[in-house]
Amino acid sequence: MITKNTSNKEQIQMVSLEQLVPQDHILRKIDDTIDFSFIYDLVEDKYSSDTGRPSIDPVILIKIPIIQYMFGIKSMRQTIREIEVNVAYRWFLGLDFFDPVPHFSTFGKNYKRRFEGTDLFEQIFSNVLMQCMNKNLVDTSTVFVDSTHVKAAANRKKAKKILVAKKAARFYDDQLSKEINSDREKHGKKSLKDKNKDDDDVDPPSIDCSELKEKKVSTTDPESGWFHKGEHKEVFAYAIEAACDKHGWLLGYTVHPGNEHDSKTFPAIYEKIKKLKPEIIVADAGYKTPAIARMLIDDGIRPIFPYKAPMTKKGFFRKYEYVYDEYYDCYICPNNKILKYSTTNRDGYREYKSNPVNCSSCPYISQCTQSKNHQKVVTRHVWQEYMDICEDIRHTRGTKSIYDLRKETIERVFGVAKENHSMRYTQQIGKEKMAMKIGLTFACLNMKKLAKILTKKSKKHCDFSTIFSFFRLSFSF
């Protein structure tokens, strides 16, 4: 007797995808936790309701790169291949066994035609964060800020050199200029003239080559920056600045060229996180500048910075060994001689100079200065009082334990993103596409965290209900 076997297609149809996806799969947890319907509202104006043929579901379109960044798949082409054969991926997208998977170029074309030049992916990140905050899991009282570098998709050898200004405009230049002139007037000095301000009757000044420097720019990705730090290999990279709370929830992010310093890029991330009304902001030594300290303290935020070693030559007196006398506005050197106020320079530093006659016969001159005229100059920033407040905060009880949480929060977030979500390098070219990658990657981190926490809470609740029912049933007998 010969039995007739059903075809493979008929056998597959008897089993649904719902039965094949494990109950503890991360995509199932995310689908149960995150409401993706907000995407329809975000893209509503990007689609026409009465012209053209029906388009792919926008939620499916966004979920495809979410799968890519969630599981650290290196390219969209590879992501589509994985979706074709992975049951869990198909189920997450709402596709059946025999539903065709979109072509790998579908997302790229839609990005170019609909999403480019918009803040869609930042809004997606914000919506996911809001869903986390609605569960009362996010604590914005203490915020940790740091940056990391991601290797750009740019060949090191394909570059050119251009001339740029040595000193680029800073966010606090206008305020600093007013403070400098005010300080000079208090000391009986004339106000400094604005170099950038030209009179109408005067010919524009010629370009001074001494104020220019060479900058290496990639011809593949000009928006990236040449990055070199310590023993790191010199590469083109992007700097990703992010903020998180003490539980590791990502609160915001910004993308910058890899050659920009943290102190320069901080205002961009600060504009995003200050809306969350933090009480404390914790950052590393790269952010410990008078301008940032002043900005945070004036806004009522308590900055926590680490100790920063004085950058003094070996064998010379440290700056703290020169004592500042606030009443007489002067410095006293280790030999008990006075350094009097001289001027306030354009960089915002007051200059205090010693008397060369006293220094020439000083027994400590070899530890003090190597100047030819035997004159020691000590500088003090016009916003130094804000740095002193930061030092007072650093020495308060409990501050060190808060700063030590950086390795468990923001540093761990960066480590997980690089190790598990392919954030060591990028195949995206351009700052805007890089921002899309980072936004969705950080959204994935928040989604994973929320899904795991809520699933764990639900399981505990179910276990408790089962035990309670058991005891109730036992006592009824």
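What you're looking at is a predicted model, where local features need pLDDT of at least 70, side-chain atom pairs count only at pLDDT 80 or more, and totals for chains, interfaces and linings use all residues. Residues are numbered from 1 along each chain as its sequence is written, and side-chain values use heavy atoms, with hydrogens and water left out.

**The whole chain**

The chain has 18 helices and 13 strands. Both are DSSP runs numbered from the N terminus: helices are H or I with at least four residues, strands are E with at least two. Out of 477 residues, 41% are buried; that label means under 20% relative accessible area, while exposed means over 50% and partly exposed lies in between (1.4 Å probe, protein chains only).

Now for contacts, meaning heavy atoms within 4.5 Å. Among contacts with a separation of 6 or more, 68% link residues 24 or more positions apart.

Axes here are lines fitted to C-alpha atoms, for helices over the stretch in contact, and angles run from 0 to 180 degrees between N-to-C directions.

| Helix pair | Angle | Axis distance |
|---|---|---|
| Helix 12 (290-298) and helix 15 (384-394) | about 75° | 8 Å |
| Helix 11 (262-273) and helix 12 | about 20° | 10 Å |

So helix 12 is roughly perpendicular to helix 15, and helix 11 and helix 12 are roughly parallel. The cut-offs are under 35 degrees for roughly parallel, over 145 for roughly antiparallel, 65 to 115 for roughly perpendicular, and oblique for the rest.

Which residues touch? With helix 15, helix 12 uses P290, A293, R294, I297 and D298, meeting Y386, M387, I389 and C390. That contact has seven nonpolar, no polar and two charged residues. Between helix 11 and helix 12, the contact is made by S263, F266 and Y270 on one side and I292, M295 and L296 on the other, giving five nonpolar, one polar and no charged. (Ala, Val, Leu, Ile, Met, Phe, Trp, Tyr, Cys and Pro count as nonpolar, Asp, Glu, Lys and Arg as charged, and the others, Gly among them, as polar.)

In the loop between helix 12 and strand 8 (302-304) you'll find G300. G300 is exposed, at 61% relative accessible area.

Five strands form an open sheet in the order 9-10-11-12-13, with antiparallel pairing; two strands pair if DSSP finds at least two bridges between them. Strand 9 (323-325) and strand 13 (377-381) are at the edges with a single partner strand each, so one side of each has no neighbour in the sheet. On average, neighbouring strands in this sheet are turned by 35° against each other, direction ignored. Strand 9 and strand 10 (330-332) are joined by three bridges, and Y324 has Y331 as its bridge partner. Helix 10 (173-186) lies across strand 11 (338-344), strand 12 (349-353) and strand 13, at about 125° to strand 11.

Elsewhere, strand 5 (235-245) pairs antiparallel with strand 6 over seven bridges. Is strand 6 (250-257) enclosed or open? Eight of its eight residues are buried, so strand 6 is largely enclosed by the rest of the structure. Four residues separate the strands of this hairpin, where G248 takes a positive phi near 90°.
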